[in-house]
Amino acid sequence: MGSWGTLGPALLSLAGVALGAGGSIFGQYLVSRASTRQLEVQESAAHRAELKNAVLKFLGIASQVEKAALTRSVSDDTADDAVLDRLVDDLWLAQAEIDLAARTEPLRGSAYRYAFGLVQAVRGEIADSSALRGPQTQFMDAAYDDMWPGQRRATGDSVAPR
């Protein structure tokens with residue numbers, strides 16, 4: 001029994017060291033996990049801000065292209081054509097920004113389809129702006145899904161026409 005008197009405190013000390021080391025490792029794991037989550041949140045916010053700027057720029061140019069294309073005079077005014085050509089170039093550059101900033105393929109595809117529809121309006125292949133509403137809505141839905149994945153978007157069913 002004398003050996004337990006000397007061995008017991010040593011084993012208890014060793015168990016205390018092991019327990020302390022385990023607690024320290026577990027604490028570091030929790031801190032690391034929290035830091036990783038915080039980094040993910042910051043990266044997500046930065047992505048949303050970058051994409052929001054690209055989407056707003058694209059929509060601003062798209063609005064200008066649509067107005068210019070659908071209200072342009074029938075006359076062959078080269079000044080109007082030069083402005084439209086510049087706007088179309090700006091539109092494709094803004095679409096390329098979305099292509100680079102987007103995380104999802106649906107957003108890239110819908111931005112391209114919307115831009116292509118606007119170019120068709122510039123060429124005179126689309127004469128009614130209602131033909132652009134489908135691609136525009138798909139683009140907006142895809143942009144929302146890319147910025148806030150997994151979250152449902154409020155649809156406003158109470159004001160939707162029947």
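**View 1. Cluster of Phe58, Tyr114 and Phe139.** In this predicted model, ring pairs join Phe58, Tyr114 and Phe139 into a cluster. Phe58 belongs to helix 1 (residues 2–71) and Tyr114 to helix 3 (residues 105–123), while Phe139 belongs to helix 4 (residues 133–147). Phe58 and Tyr114 are both buried, and Phe139 is buried as well.

View 2. A pair of aromatic rings is described by the distance of the centres and the angle of the planes. Counted by the ring-centre rule, with centres within 6.5 Å, there are seven aromatic pairs. For Phe58 and Tyr114 the ring centres are 5.8 Å apart and the planes stand at 65°, so this pair is edge-to-face. The two residues are 56 residues apart, and their pair links distant parts of the chain.

**View 3. Aromatic pair Phe58 and Phe139.** The ring centres of Phe58 and Phe139 lie 5.0 Å apart with the planes at 50°, so the pair is tilted. Distant parts of the chain are linked here too, with Phe58 in helix 1 and Phe139 in helix 4, 81 residues apart. Both residues are buried.

View 4. Gln95 is a residue of helix 2 (residues 78–101). Its relative accessibility is 10%, so Gln95 counts as buried, the cut-off being under 20%. Leaving aside residues up to four places away in sequence, Gln95 touches Phe58, Arg108, Ala111, Tyr112 and Ala115. One of these contacts, Phe58, is also a member of the ring cluster with Tyr114 and Phe139.

Technical notes. Residues are numbered from 1 along each chain as its sequence is written. This is a predicted model: local features need pLDDT of at least 70, side-chain atom pairs count only at pLDDT 80 or more; totals for chains, interfaces and linings use all residues. Side-chain values use heavy atoms; hydrogens and water are left out. Rings of Phe, Tyr and Trp (its six-membered ring) pair if their centres lie within 6.5 Å; planes under 30 degrees apart count as stacked, over 60 as edge-to-face and the rest as tilted. Helices (H or I, at least four residues) and strands (E, at least two) are DSSP runs, numbered from the N terminus. Buried means under 20% relative accessible area, exposed over 50%, partly exposed in between (1.4 Å probe, protein chains only). Contact means heavy atoms within 4.5 Å.
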